[in-house]
Amino acid sequence: QVDRYLYHMRLSDDALLDVMARFQAEMVKGLGKDTNPTATVKMLPSFVRSLPDGSEKGDFLAVDLGGSQFRAHQVKVFDDGKQSSQLESKFYPTPKEVIQGNGAELFDYVADCLSDFMETQNLKHKKLPLGFTFSFPCKQTKLDEGVLLAWTKHFKVRGVQDTDVVSSLRRALQKHKASPEALYPREDIDVDVLALVNDTVGTMMTCGYDDQRCEVGLIIGTGTNACYMEEMRHIDLVEGDEGRMCINTEWGAFGDDGALDDLRTEFDRELDLGSLNPGKQLFEKMISSLYLGELVRLILLKMTKEGLLFNGKVSTALLTKGKIEMKHVSAMEKYKEGLSNTKEILTELNLCPSEEDCIAVQHVCTIVSFRSANLCAAALAAILTRLRENKKLLRMRTTVGIDGGLYKTHPQYAKRLHKVVRRLVPNCDVRFLLSVSGSGKGAAMVTAVAYRLAAQRKQIDAALAPFLLSLETLREVKNKMRTELEYGLKRETQASATVKMLPTYVCGTPDGTEKGKFLALDLGGTNFRVLLVKIRSGRRRSVQMYNKIFAIPLEIMQGTGEELFDHIVQCIADFLEYMGIKGARLPLGFTFSFPCRQASIDKGTLVGWTKGFKATDCEGEDVVDMLREAIRRRNEFDLDIVAVVNDTVGTMMTCGYEDPNCEIGLIAGTGSNVCYMEDMKNIEIVEGNEGKMCINTEWGGFGDNGCIDNIRTKYDKEVDEGSLNPGKQR
């Protein structure tokens, strides 16, 4: 009878898989920059980028606000190779007048309690770092700053929403120093608030200290929420793509947009209407211990009014909101004494239960708590699936750190949750790790990790200091480069210049009237490309390009020149065969991305190899002649080689076809170089003063004369000494 009455609360695996899919979609919305403002699952960045690695050490304080009690902690972390720590805690009540009063009173109370704790632990004369566990949705822009988005659970403090809670705590601590009216008036307290942490993040960090596989934090208590380590490349709300960051999902608001309306019952709707925040935290209201007792009361009340329980006789207690709490539900569900507990609890509510009534009520409790575990498992399964997909694994091992009174004290909740999660994600091997010291220790662990990372950062900064160039140094480099450019352009200094400023004999950029079919070769990296380019001018101006990429084996790159150019011609032959144009004699441009001294647009003498090439008998030779010789040796086809071009020049000409203002070509890849259009009157090494010519700077050789040795680090020098061309291309 109860099963029929509560049919909609009993969720099949198909229904849970559907909830899982809906939650996955909400996670994606929350992570997107454009979709986050309307997302109900806010996916808040926590700015926690690293889990504990066992090397943390020191004394830390933590305060924990958000559950049924306020907690203060001292955590000693030992660097003894055993990952050991020591926790001292004190619990304080959270009076209704404080958690539903005004903001100043709340943070004054927190400061008072912390002062009392520090007095108890004899810590008043130490300056200690503090982590603040604050179990409400906050928008963080850094680790020690967070703006409260909304109160949840049974908190409703005035004047705090949309303000930075860390600033409020700091103000209260400062004010406390000189306040004789403080609840626990003591000497000055001196703490440094370093981290704001959600309780889920604190739980993950606490468990992560014991198990470095832990990458999910889950709370199932007064409220419910989860966090996990997300890839930075998926977090649009934060700059950067490298590494991971912990995301506080704030999943309690899942369904606030109606996404779960088909699963919510009349009892869920009635409970919501009577809550402190109607229409908000709808998923949490179906799961957490703050609401499950009231949900049971509403079900029992309606069943009694319909004559299904207690002979239809309703007591005043059953009509009173809050009379059934989660502790009663847990007691009624206990394995052996559950029935006797049920009779005792119902009798205290001035009801006269029969044995059948007790069995029915116990079954109601089971269905309500089982639905809670099912829904929690579905959302957790969505997170685990996302983690596995992010790692591109078919099967994954991971650990979920868990805290919260419902999970810890309910007799069957943990077992139900584990069983359903493993059924929904059979390709995840999940370890569930209970946080024995609570999320407060986690705030201290976040602070400890922040301390460790700060120390590591100092070491890294010291090691990398030579790479951090000031604006003044960059101006000095700019001036030296300008001097070298001018040396390369002058006849009397060009021979000794490191920046060779090689004329390309390219004297114009595209103007849009170009048309026809052309072949192109591109040699300069570890791959070689052959291209067919069809250019159409006029109103139907367009460029069509067909290409094929060929590998150049290391033994060819560093063999003989004849072997290299024979390989190039073999690749050309394959491409012409592939395109069906072997008989056509097309004009060809040769992109040759190495320093060449040109005497005309179709002649280029190789000055020296770079980028790992070392083919013999090429330096000092005309590369166009070497290509023509290789074509003659093969004797299969003929080509009209019109131009030899550096890759920077090719880049400038490609972009110049799209934008007539383009007059610089820059390459930053396997190598680095730049070309630009120079006035002919400044190029002393070429005859003529009219117009412009593209100059291939070959700036990779800048500094080969020692002019920038003051900014070269020991690492640069080691790289140079171990390279194929020591002292070159510095």
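**Exercise 1.** Which residues make a nonpolar surface patch of about 350 Å²?

*Solution.* Let's start with what we are looking at: a predicted model, in which local features need pLDDT of at least 70 and side-chain atom pairs count only at pLDDT 80 or more, while totals for chains, interfaces and linings use all residues. Residues are numbered from 1 along each chain as its sequence is written, and side-chain values use heavy atoms, leaving out hydrogens and water.

Step 1: the patch is made by Ile460, Leu464, Phe467 and Tyr715. Patch residues have over 30% relative accessible area and no salt bridge, with nonpolar side chains joined within 5 Å.

Step 2: locate Phe467, which sits in the loop between helix H14 (438-464) and helix H15 (471-489).

Step 3: Phe467 counts as partly exposed because its relative accessibility is 40% (buried is under 20%, exposed over 50%, partly exposed in between, with a 1.4 Å probe and protein chains only).

**Exercise 2.** Find the order of the five strands in the open sheet, and its edges.

*Solution.* Step 1: the order is E4-E3-E2-E5-E8, with mixed pairing (two strands pair if DSSP finds at least two bridges between them).

Step 2: strand E4 (84-93) and strand E8 (191-197) are the edges; each has a single partner strand, so one side of each lacks a neighbour in the sheet.

Step 3: look at E5 (residues 128-134), which pairs with E8 in the parallel sense over six bridges. Here Thr133 stands opposite Val197 in E8.

Key: Patches are made of residues with over 30% relative accessible area and no salt bridge: like charges are joined within 9 Å, nonpolar side chains (Val, Leu, Ile, Met, Phe, Trp, Tyr) within 5 Å. Accessible areas come from the Shrake-Rupley method with a 1.4 Å probe; for residues, only the protein chains shown count as cover. A salt bridge is a side-chain nitrogen of Lys or Arg within 4 Å of a carboxyl oxygen of Asp or Glu. Helices (H or I, at least four residues) and strands (E, at least two) are DSSP runs, numbered from the N terminus.
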